[in-house]
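Good morning, and thank you for coming.

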Amino acid sequence: MLYRLSFGFIKKLPENIAEVIVNNNINFTLEMVEEYELFLEKNYKDSFGLLVNKINNYTYTPEAQLCIGSLSNIAALAVVHYHPFDVRQTQELTNVRQVDQWNIKAFDGYKFGRESAINWLKLELSFIR
């Protein structure tokens with residue numbers, strides 16, 4: 001299932017995984033974080049895996065960086081990168097949110113990253129069931 005939101009869309013994948021794709025050239029704001037997390041809270045009551053597919057270029061406002069990914073039922077977070085800037089941006093975000101101790105792993109989109117990310121999320125979710 002595919003759901004359109006103001007900033008992009010979320011795909012509900014099998015085995016309790018949500019894939020997020022943000023539109024190109026978006027500056028992800030606090031309001032977008034709220035919309036995104038409201039959708040996830042409504043659609044994922046139990047622990048789930050989150051796949052952030054960074055196929056498009058976008059940035060986060062400082063406020064969004066401090067709040068995004070704060071849902072307690074995100075069991076694992078996979079980020080698929082296609083550009084070196086995205087790798088740095090994800091590392092910076094992880095550093096800012098270090099206190100949250102995210103279970104996060106990055107994947108190279110040009111080396112079957114999406115498929116590898118989904119397989120990793122399935123494995124991580126299997127440990128909590």
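This is a predicted model: local features need pLDDT of at least 70, side-chain atom pairs count only at pLDDT 80 or more; totals for chains, interfaces and linings use all residues.

Residues are numbered from 1 along each chain as its sequence is written, and side-chain values use heavy atoms, with hydrogens and water left out.

A salt bridge here is a side-chain nitrogen of Lys or Arg within 4 Å of a carboxyl oxygen of Asp or Glu; by that rule the count is two. Glu15 and Lys122 form one, at 3.8 Å from N to O. That pair joins distant parts of the chain, 107 residues apart: Glu15 lies in the loop between β2 (8-13) and β3 (17-22), and Lys122 in helix α4 (residues 113-126). Helices (H or I, at least four residues) and strands (E, at least two) are DSSP runs, numbered from the N terminus.

Arg114 and Glu19 form a salt bridge at 2.8 Å, N to O. Here, helix α4 is linked to strand β3 across 95 residues. Glu19 is buried, at 1% relative accessible area, whereas Arg114 is partly exposed at 25%. Buried means under 20%, exposed over 50%, and partly exposed in between, with a 1.4 Å probe and protein chains only.

Turning to α1, its buried residues are Met32, Val33, Tyr36, Glu37, Phe39 and Leu40. The face turned away from that buried side carries the exposed residues Glu31, Leu38 and Lys42. Thank you.
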